[in-house]
Amino acid sequence: MFQTLRLLAFALAFLVAPAWAALDPASVLPLADEDPDVRIEAIRKLTATQEPRVADILGALSNESLGLIDDGRRAVIVADGRMTDAVTGAALGAAPASFEPLMVNNRLRGEIDAALAALKLASPDAATRLAAARALQGSDNEGLLPIVQQAIDKETDPEVKGVLELSAASLALRNPDPALRAKAAADLARSNDPQVRQVLSALVGKGSDGTYAEPDERVRTAAQLSLAEINRRLFSTEIGLAAFTGLSLGSILLLAALGLAITYGLMGIINMAHGEFLMIGAYTTYLTQGVFRQYLPAAFDWYVVAALPAAFIVTAVIGMALERGVLRWLYGRPLETLLTTWGVSLLLIQACRSLFGAQNVEVENPAWLSGGIAISGGYVIPFNRIAIIVFALLVLAAVWLLINRTRTGLFVRGVTQNRAMASCTGVPTHRVDMLTFGLGSGVAGLGGVALSQIGNVGPDLGQAYIVDSFMVVVLGGVGQLAGTVIAAFGLGSIAKFLEPLSGAVLAKIMVLVFIILFIQKRPQGLFALKGRSAEA
Amino acid sequence: MTRLFTPKAWTAIFAVAAVLVVLLPTLHLALPESHPLHVSSFWITLLGKFMCYAVVALAMDLIWGYTGILSLGQGLFFALGGYAFGMYLMRQIGRDGVYKSDLPDFMVFLDWKELPWYWVGTDSFLWALVLVVAVPGLLALAFGFFAFRSRIKGVYFSIITQALTYAAMLAFFRNDMGFGGNNGFTDFKRILGMPITSPEMRTALFVLSGLYLLGALVVARWIVTSKMGRVLTAIRDQESRLMFLGYRTRSYKLVIWTIAAVMSGIAGALYVPQVGIINPGEMSPANSIEIAIWAAVGGRGTLVGPILGAFAVNGAKTWFTVAYPELWLYFLGLLFVLVTLFLPRGLAGLAATVRARLPGRPAAKDVQAPVAQEVVS
């Protein structure tokens, strides 16, 4: 009852408050209260006034530049050491040295964000309004409802309006009237937003004390029906989507690990600088893009295609130089190789920083790789992800053909299996070593081109992949392309299917722990080489 | 049976101990700051930090230089010891934090109402000491038990330990873990009720680190001159042959691996109050690999070598990051490449070679034979 009255009071306030009504200075002071509940109440009241100063005040509170002076009687905003009055916006001169801004915790910050979103609904920019409307769906501040209702009435953009109506419904779920709540729960059936599903599941679930979160039976039924409808509508889409993202992550892992499978699997060289070859490949793409923009703007869309051979050649040459200059002195000493190549990776990272700066550089998707196919539920399958899956399979096929169907490949396999015998029959083993390492590095360069299309390109790009790609090779088993492929796609899928259940970081940790446990069980990986080389 | 130390070495150890325990603290505390011989707090903290690093390098040497197991996760045990003691330091802040709450600030920030169960008892100094030893020790014991049982060795072991520390780093970055997430622990106020920034406390921590380093050196020397030490070296050089002779090599490996983890953990616990912060960055794979290079630069298979290596590399790092920050990674990278290519026995090996070439002096017997070449396929 009280809440309805409050709502009414808010509504009345909008009707009668003249446009020039200033904010009451006393309404700002509770923001400094010690009790977080009082502070939240103050935020909600301020938001409901919809005064133009409120956005500034809350923004200042959020970034911790709001504070009290005059023994807590006046709220001021401090920016660059200058104070302005929070309520009137008048400049007040330099801030005193003793000034201490108010601190906010995560709960308050969430509240402020929702309030700011509500205030942004009046923005003339449709994209801003859309983002604000989305942000509101997670809020539990029912006091924002009048603002949202107002916004719905004024809204002209159909997309924003749809989102707003759902936001209004999820806010209305906090209404004290069960009939309104039931209607709101039924309205939510139209939403495809994952947050809406969380809200609905919370409604039908029981709290820790065994009582239902939602006391009214009708509301629960309505929520249950809506939930079932949403789940039915989205089930196959989401399974398909998880499979697709798993495949996509798997193909990225494959591209990152394939070169490593060649250098480590076939040659037994631990190349900790492998990630940096990915980075060099990505930077070669960046340079190719620059060349095309400068000299061939007409063919700009095809710069990625030209970047492929360029990246392969650059990384292969650097790889061969590394093998001839450094690594061949360390054959038979894998731990030393590991440390040396780690040193090389540091050198390459720092060289990249010196040449291109420590910031990320911008690599643009060509037109035919931007955008994607929209599917139901507001999900989009991006073209660049599809292209990378296809590309990974093409690279895999090429490597497989090279190793299994060419004369060079025969030499590579021969040297792997029995170096002395291969040498006796006239195989130039040193040249084969160099070429194999060049091939592995070149494939990493190709991977770098692909990575440049989906993520940030910076000096640390390779570091992010080094642990993952070693895990793929270790799990797949040394010397086996098939093992690498299965490990890459398997790990990608597991990670993506775990993600919705546990969050991305936890999924990654679980995958790592799984690999560590798996290796205990099968130290040789999924596909072990039989015979003597298994004891490497 | 080799002697623990020659009389000359004992003299050197006691001389170093006297410098660390008496001379430097006196120069720091008793002399006014204007005095030319005054040792500033900067140097005390820096040397204290380096001595903690040196113990980790020594632990690394025990498992890598003597036993041939290259751990790329030693930083994890160091950080865990640091976190265990950091929990105690966080509790000692009491109500002096930004939020004036009994809970550590980051928990207030996350709107937590009470301490998670694993924080129970961390306000007790003794329990903190138990955790410092037990957490790294038990983790190493469990991990080592499974890894050595399934005969994971060589680079496989290295890569798996790297994955372990990487996974732990990701976990500690999460706020939900209850260890301060990204920011870790900092803003420590006191130990045992005494202010942590006072010159006396700084000196006490410095002296403790110094004594710990010397103690670790004596223990390490005792291990490598014992029968177990010989078995460990044999594991490094020819593990299969040793197994055929009937030694249960995995038990030896497990023991030394756990000892090394505990050594590193205690070093971490001494390190954190001196630098005043611990965060998940300490667990990054790069940090652990750097520990390996300390040992390699100093000389694997010798005990003094890694200690010198830790001082040399970190001294260079301190100098470079102030004078030429952009050149530091070049230097470190080159160090990795050049030391493995041209100085496989490190500075200690170089010194031995030089000494052997001097006319009229026999080659030093103290230095181990060239580091074993692992046999591949």
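Colleague: In what order do the 4 strands of the open sheet in chain A stand?

Modeller: The model is predicted, so to speak of local features a pLDDT of at least 70 is needed, and side-chain atom pairs count only at pLDDT 80 or more, while totals for chains, interfaces and linings use all residues. Residues are numbered from 1 along each chain as its sequence is written, and chains are lettered from A and ligands numbered from 1 in the order in which they are written. Strands are DSSP runs of E with at least two residues, helices are runs of H or I with at least four, both numbered from the N terminus, and two strands pair if DSSP finds at least two bridges between them. The pairing in this open sheet of chain A is antiparallel, and the order is β1-β2-β3-β4.

Colleague: Which strands of chain A stand at the edges?

Modeller: Each edge strand has a single partner strand, so one side of each is left without a neighbour in the sheet. In chain A these are β1 (66-69) and β4 (91-94).

Colleague: Which residue is the bridge partner of L66(A) in β2(A)?

Modeller: β1(A) and β2(A) pair in the antiparallel sense over 4 bridges. They form a hairpin with 4 residues between them, and D70(A) in the turn has a positive phi of about 50°. The partner of L66(A) in β2(A) is I77(A).

Colleague: Which residue in β3(A) does A79(A) stand opposite?

Modeller: Strand β2 (residues 74-79) and strand β3 (residues 82-85) of chain A are antiparallel partners over 4 bridges. In β3(A), the residue opposite A79(A) is R82(A).

Colleague: Is A75(A) buried or exposed?

Modeller: A75(A) lies in strand β2 of chain A. A residue is buried if 20 or more other C-beta atoms lie within 10 Å of its own, exposed if 12 or fewer, and partly exposed in between, with C-beta atoms placed from the backbone. A75(A) has 24 other C-beta atoms within 10 Å, so A75(A) is buried.

Colleague: Leaving aside neighbours within four places in sequence, which residues is A75(A) in contact with?

Modeller: Two residues are in contact if their C-beta atoms, placed from the backbone, lie within 7 Å. A75(A) and A86(A) are 11 residues apart in sequence and 5.4 Å apart in space, C-alpha to C-alpha. With the neighbours within four places left out, the contacts of A75(A) are V28(A), L29(A), L31(A), L66(A), L68(A), A86(A) and V87(A).

Colleague: How are α11(A) and α18(A) placed to each other, roughly parallel or roughly antiparallel?

Modeller: Helix α11 (residues 217-267) and helix α18 (residues 429-452) of chain A have axes 8 Å apart and pack at an angle of about 170°. Axes are lines fitted to C-alpha atoms, for helices over the stretch in contact, and angles run from 0 to 180 degrees between N-to-C directions. Angles under 35 degrees count as roughly parallel, over 145 as roughly antiparallel, 65 to 115 as roughly perpendicular and the rest as oblique. α11(A) and α18(A) are therefore roughly antiparallel.

Colleague: Which helix gives the largest share of the side of chain B that touches chain A?

Modeller: 47 residues of chain B are in contact with 42 residues of chain A. Helices supplying at least two residues each to that side of chain B include α5 (125-149) and α6 (154-173). The largest share, 13 residues, comes from α6(B).
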